[in-house]
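Here is a short report on one protein chain. Keep the model in view as you read.

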Amino acid sequence: MLVYIRESDKDKIMCNVDEKDIAEHLRIRLKKEQEEKEHKKKEKAEAHLYTIIKVARDEDLKEQIGKNIYFDLVDHEKVRSFRIQKQLPFTSFKEEVTKEYGIPVQFQRFWLWAKRQNHTYRPNRPLGPHEEAQSVGQLREVSNKAHNAELKLFLEVDTGLDLRPIHPTEKSKEDILLFFKFYNPEKEELCFVGRLFVKALGKPSEILTKLNEMAGFAQNEEIELYEEIKFEPNVMCEHIDKKLTFRASQLEDGDIICFQKSPVSNGETQVRYPNIPSFLEYVHNRQVVHFRSLEKPKDDDFCLELSKLHTYDDVVERVARQLSLDDPSKIRLTSHNCYSQQPKPQPIRYRGVEHLLDMLVHYNQTSDILYYEVLDIPLPELQCLKTLKVAFHHATKDEVVIHSIRLPKNCTISDVITDLKTKVELSNPDAELRLLEVFYHKIYKIFPPHEKIENINDQYWTLRAEEIPEEEKNLGAQDRLIHVYHFMKDPNQNQQIQNFGDPFLLVIREGETSAEVLEHIQRKLRVPDEEFSKWKLAFISMNRPEYLQDTDVVSARFQRRDVYGAWEQYLGLEHTDTTPKRSYTANQNRHTFEKPVKIYN
């Protein structure tokens with residue numbers, strides 16, 4: 001910050017600041033911030049001396065499954081962390097756990113987690129007595145091939161009939177630790193209900209009573225069992241045969257079994273996802289999409305919960321239903337550009353993508369925004385047509401009327417002009433029209449009548465239609481049709497030329513002087529004498545102005561033929577752009593600024 005001070009106050013201001021000069025609340029705040037900074041610095045410096053141990057318990061699984069997560073067992077970022085010195089014995093950590101949870105050391109059994117080949121993360125095996133005798137640092141190195149500072153554990157605690165902790169049961173090679181989730185199709189809810197040790201050669205039919213008890217069902221309730229195998233890139237959840245042994249079903253420590261009531265096929269109650277695989281598929285692919293009207297691209301209009309696997313037809317049908325529209329084919333969608341945070345320039349073609357996910361992906365990012373339009377004709381029909389927005393500049397009236405011209409794509413400029421003539425008011429019935437391409441107040445192209453309209457882009461350029469003046473229809477051999485643009489010099493940008501207003505074409509004759517050309521322009525634009533006396537005429541080439549004297553012959557300046565485009569060599573009218581945009585009365589100068597605009601679709 002740049003601060004100016006009076007020289008007479010210099011000694012008062014440019015002096016040492018003591019602690020007593022700082023307000024007390026600021027001193028307290030600064031001291032606290034400094035202490036926090038020192039603490040973080042110390043933690044960072046000593047980080048190599050510590051291991052972070054993340055402990056997941058049954059309570060974490062109950063809290064998270066069905067709310068924060070649906071697949072696997074736990075989000076380790078949301079479980080209790082312990083910061084333990086590496087050289088301390090593991091038993092010291094167990095004492096910390098006792099202090100935190102009130103579970104005596106002898107009742108604690110810890111399991112190591114393992115990442116499987118299918119990218120799931122499950123408890124793999126319990127720590128043995130030899131491992132628990134090691135230091136925390138040694139144990140982390142044994143369990144963690146990635147060599148990061150974290151150790152993830154699952155705390156197994158068994159309880160007796162009085163719900164108090166008891167010694168964990170001895171685990172043999174035949175014992176398998178399984179985790180159980182229960183699914184309710186009516187409520188579309190999934191929750192963790194517990195874990196059990198089973199025998200490898202035992203059968204699921206032997207634990208059905210226990211599972212019914214976990215879910216709060218009658219002992220003889222018929223239930224179906226599924227194994228949750230993986231969820232990336234696709235969900236894999238397979239039915240378990242209750243008559244096969246656990247080993248025959250390839251179940252092992254850390255596996256997850258999901259179960260539900262056996263579906264009753266009486267047709268009384270209709271549910272969206274009748275079984276666990278269909279529900280997990282839904283959860284994996286569901287996507288809330290924010291829909292915005294293309295006319296108001298900053299504001300959410302409504303949200304819909306859809307599936308990433310929904311087809312193009314599914315999506316437009318849901319949007320049409322939301323908008324109470326009978327014909328979904330009149331919906332046109334546009335994807336979101338994640339980088340510019342704006343709609344993409346081109347809309348999605350009718351059935352141009354297979355699934356919702358294809359609509360939402362932009363390079364390597366996925367958006368949750370789509371833009372919609374309601375068309376007046378079905379999109380398949382519209383795609384066979386070309387719609388051009390054409391600004392018609394009336395020959396004598398001070399207004400611009402925007403028309404939407406919709407024609408088959410194989411039509412030409414001549415067809416556009418024919419169609420436009422039926423919609424605009426001409427100065428006389430025999431008037432001829434032409435179509436120009438205008439960009440940043442310069443004319444870049446006069447369209448030939450035979451040019452096809454299919455590839456014309458009206459998104460960035462303005463298409464302008466106007467009557468061809470009589471004087472241009474019979475040009476002599478030495479006459480020239482030149483471009484005339486309004487300009488002023490920008491004092492903030494090193495006097496660079498800034499064009500403004502409506503550019504136009506002008507016929508200049510052989511030997512015509514600057515004074516004569518100015519008189520011609522004043523008549524054409526109907527500018528009052530008082531104002532026009534302030535205007536200057538310049539020949540501009542490559543954005544550099546050469547001001548013309550009254551006696552200078554204008555045509556002599558336009559002899560070169562090696563110019564890239566007519567817009568690079570033109571007559572410039574220098575004057576100020578003072579009138580507010582689109583603030584006109586009948587007699588104001590229509591040449592100086594943008595004309596008032598009317599839009600007809």
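## A charge over a ring

Start with Arg-83. Its charged end sits over the ring of Tyr-50, 3.9 Å from the ring centre. A charge counts as over a ring if NZ of Lys or CZ of Arg is within 6 Å of the ring centre and within 35 degrees of the ring normal.

## About the model

This is a predicted model, in which local features need pLDDT of at least 70, side-chain atom pairs count only at pLDDT 80 or more, and totals for chains, interfaces and linings use all residues. Residues are numbered from 1 along each chain as its sequence is written, and side-chain values use heavy atoms, with hydrogens and water left out.

## The whole chain

The chain has 14 helices and 30 strands. Helices (H or I, at least four residues) and strands (E, at least two) are DSSP runs, numbered from the N terminus. The radius of gyration is 39 Å, well over the 25 Å that the globule rule gives for 601 residues, so the chain is more spread out than a compact globule. That radius is taken over C-alpha atoms, and the rule is 2.2 Å times the number of residues to the power 0.38. Along the principal axes, the C-alpha atoms fill a box of roughly 110 × 85 × 45 Å.

How much of the chain is buried? Buried residues make up 42% of the 601 residues. Buried means under 20% relative accessible area, exposed means over 50%, and partly exposed lies in between (1.4 Å probe, protein chains only). The accessible surface comes to about 35,100 Å², and 48% of it belongs to carbon and sulfur atoms. Such areas come from the Shrake-Rupley method with a 1.4 Å probe; for residues, only the protein chains shown count as cover. Now look at contacts, meaning heavy atoms within 4.5 Å. Of those with a separation of 6 or more, 63% are between residues 24 or more positions apart.

## Aromatic pairs

The structure holds 27 aromatic pairs. One of them joins Phe-71 and Phe-231, which are stacked at 4.9 Å centre to centre, with 20 degrees between the planes. This pair links distant parts of the chain, 160 residues apart. Phe-71 is in the loop between helix 3 (58-64) and strand 2 (80-85), and Phe-231 is in the loop between strand 10 (223-230) and strand 11 (236-239). Both Phe-71 and Phe-231 are buried.

Why is the pair of Tyr-273 and Tyr-282 called stacked? Their ring centres are 4.3 Å apart and their planes are at 20 degrees, so the pair is stacked. Rings of Phe, Tyr and Trp (its six-membered ring) pair if their centres lie within 6.5 Å; planes under 30 degrees apart count as stacked, over 60 as edge-to-face and the rest as tilted. Tyr-273 and Tyr-282 are both buried. They belong to a cluster linked by ring pairs, together with Tyr-70, Tyr-183 and Phe-279.

## Backbone details in loops

Asp-72 is found in the loop between helix 3 and strand 2. It has a positive phi of about 60 degrees although it is not a glycine. Asp-72 is buried, with a relative accessible area of 9%. His-119 has a positive phi too, of about 75 degrees, and is not a glycine. His-119 lies in the loop between strand 3 (109-115) and strand 4 (121-126). At 53% relative accessibility, His-119 counts as exposed.

Pro-233 lies in the loop between strand 10 and strand 11. The peptide bond from Glu-232 to Pro-233 is cis, with omega near -5 degrees.

## One face of helix 12

Which residues of helix 12 (residues 413-421) are buried? They are Ile-413, Val-416, Ile-417 and Leu-420. Seen down the helix axis, these residues fall within an arc of 95 degrees, so they line one face of helix 12. The arc is that of the directions from the helix axis to the C-beta atoms. Their cover includes strand 20 (385-393), strand 21 (400-408), strand 22 (433-439) and strand 24 (462-467).

Leu-370 is found in strand 19 (residues 369-374). Leu-370 is buried, with a relative accessible area of 0%. Leaving aside neighbours within four places in sequence, its contacts include Val-289, Phe-291, Leu-356 and Leu-360.

Gln-287 is found in strand 13 (residues 286-293). Gln-287 is buried, at 15% relative accessible area. Beyond four places in sequence, the residues it touches include Leu-304, Leu-356, Leu-360 and Asp-368.
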